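Please look over the structure below before reading the points that follow. They are meant for someone new to it.

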Amino acid sequence: MKRVLIGLATLLALAGGVAAQEPPRYQIPPDPIARILDTPPQPLVAVSPDDRSMALLGRSNLPPIAELAQPSLRLAGYRINPRNKGPANSRVQWLTSLAFQGVDGGPARTVTLPKDARFTNPVWSPNGEHLAILVDAGVNLDLWIADRDTGRVRRLRAPAVNATFPGAVSWLPDSSGLLVRLAMPVPFQPEAPEVPAGPVIQENAGRTAPVRTYQDLLASPKDERLFERYFTSQLAVVHLDNRVPRRIGEPGLIWESSVSPDGRFVLQTRAKRPFSYVVPARLFPTEITVTDLNGRVIRRVADLPLRDDVPPPFDAVAPGPRDVQWRSDAPATLVWAEAQDGGDPRRPAPVRDRLFTQAAPFSAAPQVLVDLPERYNNIEWGRGDFALVYSGTYNTRNETRTAVNPSQPGGPGRVLLRRNYQDRYNDPGAPILRANAQGRRVIHFTPDGQGLFTTAQGSSAEGDFPFVARMSLADGKSERLWQAKAPAYETVVALVDDAGRQMLTLRETRTDPGNYFLRDRSGDAQPLQLTRFPDPAPQFVGVTQRLITYSRPDGVKLNGTLYLPAGYDAARDGRLPLVMWAYPAEFTDPAVAGQVNNRTNRFVRPAGASHLFLVTQGYAVLDNPTMPIVGVNGAEPNDTYVEQLRANAQAAVDEVVRLGVADRDKIAIGGHSYGAFMTANLLAHTDLFRTGVARSGAYNRTLTPFGFQAEQRTYWEAPETYTVMSPFTHVTKIKEPILLIHGEADDNSGTFPVQSERFYAALKGQGATVRYVVLPLEAHGYRARESVMHTLWETVRWLDQHVRNAPPRTSMAGGGGLEGAVAPR
């Protein structure tokens, strides 16, 4: 009895000790990381539709965790703030200041906002004279208008806006007012606990309905009621002269709405019951209608059922009309696509998709615009005789651009080009668009009408040098008219004049932050600098950056960007601890997989939870060492995922050791999301790394059985691939320490927090060295200041312990601590 009493007393003492422990607190990373993170970010810039003005939008820095702790609801694939009926605070970066500046130079005109005002959703009017913004009023999102010429701002006398679905505010074509989804007069009420009336039941009666993993779905009748309560809105026209808003139709779950270019009709997409617990709102039963401005239904375009049975392949779509839109260059013409293969790309079909068009008054039968042998992706409108249709096939990574004549529907179309859309070196560029009189974006044609202007990154082995080109409408061939030159990376934001000679550009170099310039593409005149944004992280000055290239044994070329600390001298400082931060990608062509991503002409500064902060702590960082997973001639890339991943990593390690910058015994691997999955696999299948840092990853692919990342096959079609690729299967092989970090509210498809939770439990159960950090309230990416700071503190601390200050490894398979090659496990 005495022994029992002593044991009980000991247990009580231990329990008391545990209860008295301080809970973990957020930590601050070492200097200068915190100072860099607290530097105000550079403004965003929104160019007016006429390309004559810029709105300079000051933005808030990392929000406090208290902001993420404000009430939010996760419903039907969305996260909202129930107080103001807008996106949840974790979803929005608030804007805090506003100024207007002409692209012809001169000082910016600052707009005086109410004290401590914050806003979101800036939208230019078609005439470029006004900017609409949604101002956070605490319990509402109010619609305000800023005047470009006077700098004055005013609140429109309209009910609050419901911005739970995106695109809640859009301008009328004549700029006299806006189409707005108004909030219903339903105040926020904290939800009291509810006694269930019965179980939640889902049932399937033999119907094949594979569904990928989605987050934030409805899960109960209570969720259904909340969804209807907070997402229901009233469509209305709100005039700038503050007339009483003109209501359009009945309230509903309106998740898309747009006015026709002539301003006479409204295209509406509304969700309706029965709702689903397995797919988000965009796949709920849906009505697509055209109404007049009084809400009278003119045309019922589609009444779509629940779409929870779309096949797994990436080119699969739901049957029926989809991508319904207004033709941008016509007064009121609808265009949409319909699959001709039942939506399943595995079915043989000479026509995959058919595009239809129908003009007002919508009484005539729809006309076929063009038949496509591939899946329709997008269309760029130009003029009455020219539009450009994009289609493609995922399996081959093929993209086709077809010229069509909208005035002669039903023609076969002319193929202007076919290409591998992953081929960066040979990208001819995308059409440059400009706003027409109704504010719709249309193709910018050359003055002779025989070509169109395009722009692209201009990627090459020497770096990215964006260009402007003329593409012939006759044969699709391109002629470059202007291209950025070393040492600058300069993108074309807009062509200011009809001839495309004056360009608004965003220019940066390795040492100069991005700023806006007005330049003549002839190069005869000195560019006019319009903005002078400073370096947000001067502490990073002196960090050296270089491209390194190498190959794996099968000849696939690889590359990465090597960052070394400021003042580093190889002869004096010797080899450094090094961190590789990577993200695998799948390809069908080894030559394309081997293309260089050369960023040496880019202005690079760390932000958020960036791994580049490690350079300030004395680490070398190999950023984005390419990890291609290649499937040739129809082979599935993932069937050799582990072998190719291992070869990629081995080649990268060998190269940084050969260069003399890294000690083979002091290299870590890290990544986010699919990069975290990669990290765990490399620790399981190689002895190349001393430790790993895995953020927000998925580790057990049986929990994503209907496909993941670039894998289209289901678990039951490729069980061995799913099993071999899952590091959860191989926890007994993970002998190196691993740091797992995951947002408690991860919203990314497939990376449920339970992935890290179960992986940690498996590792712990096998005696691994592992630390598991859950960031409260955080989603897939980390937003709060406290979370970002703590993530970097954890990372630096972990790497110092397990890499920089770790003792030499005494033995490794294949001599991993030596200069020789490392054998796989």
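1. Arginine 532 is exposed, as its relative accessible area is 66% (exposed means over 50%, buried under 20%, partly exposed in between, with a 1.4 Å probe and protein chains only). Arginine 532 sits in the loop between β39 (528-529) and β40 (544-551); strands are DSSP runs of E of at least two residues and helices runs of H or I of at least four, numbered from the N terminus. Its side chain makes a polar contact of 3.1 Å with that of glutamine 529 (a pair of N or O atoms within 3.5 Å; within protein, one must be able to donate a hydrogen and the other to accept it, and residues adjacent in sequence count only if both atoms are side-chain atoms). Phenylalanine 517 is 15 residues from arginine 532 in sequence, and their C-alpha atoms are 9.9 Å apart.

2. A word on the source. The model is predicted, so local features need pLDDT of at least 70 and side-chain atom pairs count only at pLDDT 80 or more, while totals for chains, interfaces and linings use all residues. Residues are numbered from 1 along each chain as its sequence is written, and side-chain values use heavy atoms, with hydrogens and water left out.

3. The whole structure has 24 aromatic pairs (rings of Phe, Tyr and Trp, the last by its six-membered ring, with centres within 6.5 Å; planes under 30 degrees apart are stacked, over 60 edge-to-face, the rest tilted). Phenylalanine 265 is buried, with a relative accessible area of 8%, and phenylalanine 362 is buried at 6%.

4. The loop between β22 and β23 also holds proline 361, which is joined to alanine 360 by a cis peptide bond with omega about 15 degrees. Another cis bond runs from alanine 486 to proline 487, with omega near 10 degrees. Proline 487 is in the loop between β35 (478-483) and β36 (488-495).

5. Where do positive phi values occur in residues other than glycine? Aspartate 51 has phi near 60 degrees and is in the loop between β1 (44-47) and β2 (53-59). Asparagine 633 has phi of about 55 degrees and is in the loop between β45 (628-630) and α7 (641-658). Aspartate 51 is buried, at 6% relative accessibility, whereas asparagine 633 is exposed, at 78%.

6. Helix α8 (residues 674-685) has 12 residues, and at 1.5 Å a residue it should span 16 Å, in agreement with the 16 Å between its end C-alpha atoms (the expected span is 1.5 Å times one less than the number of residues). Of its 12 residues, 12 are buried. Tyr674 and Phe677, both buried in α8, belong to a cluster linked by ring pairs that also includes Tyr583, Tyr641 and Trp716.
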